[in-house]
Amino acid sequence: MSKQMILVMDFGGQYNQLIARRVRECNVYCEVVPYNISVEKIKEIAPTGIIFTGGPDIVNEEGAILCDKEIFELGIPIFGICYGAQVTTYLLGGDVERIPTREYGKTEITFDTDSLLFKGVEKESICWMSHSSQITKLPEGFKGIAETKNCPFAAIECEEKKMYGVQFHPEVLHTTEGTKMISNFLFNVCKCNGDWKMASFVDTTIEELKNKIGDGKVLCALSGGVDSSVAAVLLSKAVGKQLTCVFVDHGLLRKNEADEVEAVFGPQGDYDLNFIRIDARQRFYNKLKGVEEPETKRKIIGEEFIRVFEEAANEIGEVDYLVQGTIYPDVIESGLGKSDVIKSHHNVGGLPDCVNFKEIVEPLRLLFKDEVRRAGKELGLPDSLVYRQPFPGPGLAIRIIGEVTEDKVKLVQDADYIFRDEIAKAGLDKEINQYFAALTNMRSVGCMGDSRTYDYAIALRAVTTTDFMTAEAARIPHEILEKVMNRIINEVKGINRVMYDYTSKPPATIEFE
């Protein structure tokens, strides 16, 4: 895909996905790898540069994670961010000490704009700080290139060795010119040429799939969402009729969605695919009976998916490969390096240990959501599919708090349909990146007409985001929310309260479970 590669070494920072996104936005390819990647593996990859992420540890305290010191002797440019800067300092002989009061939030900062890292950046600006220890003594050959009121070494450099570090987070939007700084590292320091283009990804991936699969038979897990749809079309262009797309109706889709998927990909649809629809609704409901814990639900659904596909493969005949629409946020959020598992995705952390296929193929595994959409456009998919509302693999099971039942699915389907309908009527469907209704497990007293009710509460969720790694609650006009509330209360029997979720990501995730 690219002769150049930036490695983002993960020290457990909450923003490691954002760092990767910012690098890719500069048309430079990168991958997130664990902090303990071996020097031999780094030499094999031969990256153009390395970025150390932030992390929760204190470098000089017991249990702190550190990389191999030999990395600094490879002659590869290094950019340490927050904890990553402290790792660089500590391993190269400098000092890092705890500070009395944690420095957190937007902070005024002054830059040395003669540094390659800050070329074209305003001399005085705003950065985002989040640290409880800081650099107090520089390693030999380093100098300070930025300072704040409380942090004399807010940024450091050793220009000769092409090593840089910042105590703040340039990857978050709160750092006014953070993307410029990352770009400066990529182009001024690493001399990247920005050759990461989606057209080249599509062409190269199709060719790689042809070579990998040969004359093998392929089974694609098709949900009808943008991820699996792009994966299916990529495979179709690579191997044609060797591909069979299996769509599992697990009873956890949005209202009318199963029929809509078949209309697009089935025999009467626009694509020349072998298409099989499997009705497994009752099977999934039985498996989920009595299950309330979110991770357990995800893993049950993931394993059951694989079992259904195995059975489909047996009916089709010998199948060599299973294709999934796994994307990079799924991989990262399911745990990488020392990063916490935010939630296991059904097609990553939820996979069973043993599947009856030669290999699982995930052609989108290293793409973020917006990159998947760009790939879809390159492949000629219609906008209605490319920009379809994101929908999780486990479906409505993770939009229903607690046990999943067929009756609860019906409640959330109907409420969600009303919410999406009113958002579209208001012309907000292109402005809001994701919106849906979720069913809480809270029941409360209400009054409809002259009768007492004791019914469920629906939570509406709508967010704006550029990368789905962070998100803000969408500011929907009150009159629209009021119309949605009135329709749900009047049209969906079993609901007597409607709430709107204003929580951002972080601290919340976009989905409820």
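## Contacts and salt bridges in a predicted model

Beyond its neighbours within four places in sequence, Gln 86 is in contact (heavy atoms within 4.5 Å) with Val 59, Val 96, His 131, Ser 133, Gln 134, Ile 135 and Gln 167. This is a predicted model, in which local features need pLDDT of at least 70 and side-chain atom pairs count only at pLDDT 80 or more, while totals for chains, interfaces and linings use all residues. Residues are numbered from 1 along each chain as its sequence is written, and side-chain values use heavy atoms, with hydrogens and water left out.

Gln 86 lies in helix α3, residues 83-91; helices (H or I, at least four residues) and strands (E, at least two) are DSSP runs numbered from the N terminus. Gln 86 counts as buried because its relative accessibility is 2%; buried means under 20% relative accessible area, exposed over 50% and partly exposed in between, with a 1.4 Å probe and protein chains only.

A search of the whole structure finds 34 salt bridges, each a side-chain nitrogen of Lys or Arg within 4 Å of a carboxyl oxygen of Asp or Glu. Three of them are tabulated here.

| Salt bridge | N to O distance |
|---|---|
| Glu 25 and Arg 21 | 3.6 Å |
| Glu 359 and Lys 212 | 2.6 Å |
| Lys 430 and Asp 429 | 3.4 Å |

Glu 359 forms a salt bridge with Lys 212. Glu 359 lies in strand β14 (residues 359-361) and Lys 212 in helix α5 (residues 198-213), so the pair ties together parts that are 147 residues apart in sequence.

Glu 25 and Arg 21 both lie in helix α1 (residues 16-25), four residues apart. Arg 21 is buried, at 2% relative accessible area, whereas Glu 25 is partly exposed at 38%. Both residues belong to a network of salt bridges that also includes Arg 22, Arg 24, Asp 370 and Glu 371.
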